[in-house]
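This report walks through selected side chains of one protein model and the contacts they make. Please keep the sequence and the 3D view open while reading.

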Amino acid sequence: MSFPGTVNGSPGFEKSVTTTQKHRLGTKMEFADGRTFFYSKAAEAITCGQVTMGTQTATDHIVDLAVAAAVAVGERRITVTNGGSTAITGSGKFTGDFATRGDYVDGYLFVNDEAGEGQIFTIKDHSSAATGATITIDLYDNDSVRTALTTSSQVGLHKPVGHSVEIWDASDIDSIVTGVPACNVASGSYFWNQVKGPAAVQSESSMVLGNEAFTAGDGRIGPSADNNSVEVRVGVVLAPAGGAGEHSLVDLQIRG
């Protein structure tokens, strides 16, 4: 099943929340006024106006997985030896259960070291793999290996951005800022995460008109505290909130 990469929307579409997947994760939706959203899946319940972040990829999948067999230029299938801690669920193409969607479908395989390093591929399908077992990864039809891989090549896996988003937590940052939902979202639901244009965002403290807004605590924004280890710029304040728990109107500038 294929999904368009970008869809045109209009006010109200951004509040669509479903328990079944309607678009490819990462699909971009644009409004005529410039507001932009990316299709995402919630890993927990998220309240309207909270800043969200991605869920961390398993630590034994991030980098340095071994390529199990050499891959020639032009090939669209790569076999990789899974890490030693986290099993991988495969897609229906390999299991025969076409309702099953693989953990890393529409995510990324990138070569982090040795032969072929620097290449990145979008994952179309993949098999299951127990810890330490081999996983078979298929690339999209128009993609292929451009620099040959060897058994010395090392790769990393990453789920699609927006695969399992959760509330931003400055004390436990799992991934990048992924956006702000325009309505309440139940855990496990699919929704549109806003990344650009005017959005009502929950504030941790009083904001200032025209000033930049940064991530603060528990899904909220605040002014800069010059703490770059936990702050991420999310946009510029259009209409400031007067105190904690209120919502400021912010021109989001998270992703284009």
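Asp33 is partly exposed, because its relative accessible area is 49%, and the terms used here are buried for under 20% relative accessible area, exposed for over 50% and partly exposed for what lies in between, with a 1.4 Å probe and protein chains only. The model is a predicted one, in which local features need pLDDT of at least 70 and side-chain atom pairs count only at pLDDT 80 or more, while totals for chains, interfaces and linings use all residues. Residues are numbered from 1 along each chain as its sequence is written, and side-chain values use heavy atoms, with hydrogens and water left out.

## Salt bridges

Asp33 has a charged partner, since the side chains of Arg35 and Asp33 meet in a salt bridge with an N to O distance of 2.8 Å; a salt bridge here is a side-chain nitrogen of Lys or Arg within 4 Å of a carboxyl oxygen of Asp or Glu. Arg35 itself counts as buried, because its relative accessible area is 17%. By this rule the count comes to nine salt bridges. Another of them joins the side chains of Lys28 and Glu30, at 3.4 Å from N to O, and Glu30 is partly exposed at 29% relative accessibility.

Which strands hold Arg233 and Glu212? The side chains of these two residues, Arg233 and Glu212, form a salt bridge of 2.7 Å, N to O. Arg233 belongs to strand β16 (residues 233-239) and Glu212 to strand β14 (residues 212-215), so the pair ties together parts that are 21 residues apart in sequence; strands are DSSP runs of E with at least two residues, helices are runs of H or I with at least four, and both are numbered from the N terminus. Arg233 is partly exposed at 32%, and Glu212 is also partly exposed, at 36%. Elsewhere, salt bridges link Arg24, Arg101 and Asp106 in a network.

## Aromatic rings

A pair of aromatic rings is described by the distance of the centres and the angle of the planes. Rings of Phe, Tyr and Trp (its six-membered ring) pair if their centres lie within 6.5 Å, and planes under 30 degrees apart count as stacked, over 60 as edge-to-face and the rest as tilted. The count by this rule is three aromatic pairs. In one of them, the ring centres of Phe31 and Phe37 are 5.0 Å apart and the planes stand at 50°, so this pair is tilted. Phe31 is buried at 6% relative accessibility, and Phe37 is buried at 0%. Ring pairs also link Tyr39, Tyr190 and Trp192 into a cluster.

Arg255 lies over the face of Phe38, at 3.9 Å from the ring centre, and Lys159 lies over the face of Tyr104, at 5.9 Å from the ring centre.

## Nonpolar cores

A nonpolar core is a set of buried Ala, Val, Leu, Ile, Met, Phe, Trp, Tyr and Cys residues joined through side-chain atoms within 4.5 Å. The largest one has 19 residues, and those with the most contacts inside it are Ile78, Val80, Leu109, Ile137 and Leu157. Two or more residues each come from β6 (77-81), β7 (108-113), β8 (120-126), β9 and β10, and β9 gives the most, with three residues. A second, separate core of 17 residues includes Ala199, Met207, Ile221 and Leu252.

Ser153 sits in the loop between β9 (134-139) and β10 (154-158), and at 1% relative accessibility it counts as buried. A polar atom of the Ser153 side chain lies 2.7 Å from the backbone oxygen of Ala115. Not counting residues up to four places away in sequence, Ser153 touches Leu65, Ala66, Val67, Asp113, Glu114 and Ala115, where contact means heavy atoms within 4.5 Å.

Glu114, one of the residues that Ser153 touches, has a positive phi of about 70° although it is not a glycine. Glu114 is placed in the loop between β7 and β8 and is partly exposed at 41%. Asp64 likewise has a positive phi, near 70°, in a residue other than glycine; Asp64 lies in the loop between β4 (52-53) and β5 (65-66), and at 46% relative accessibility Asp64 counts as partly exposed.

Technical notes
A polar contact is a pair of N or O atoms within 3.5 Å; within protein, one must be able to donate a hydrogen and the other to accept it, and residues adjacent in sequence count only if both atoms are side-chain atoms. A charge sits over a ring if NZ of Lys or CZ of Arg is within 6 Å of the ring centre and within 35 degrees of the ring normal.
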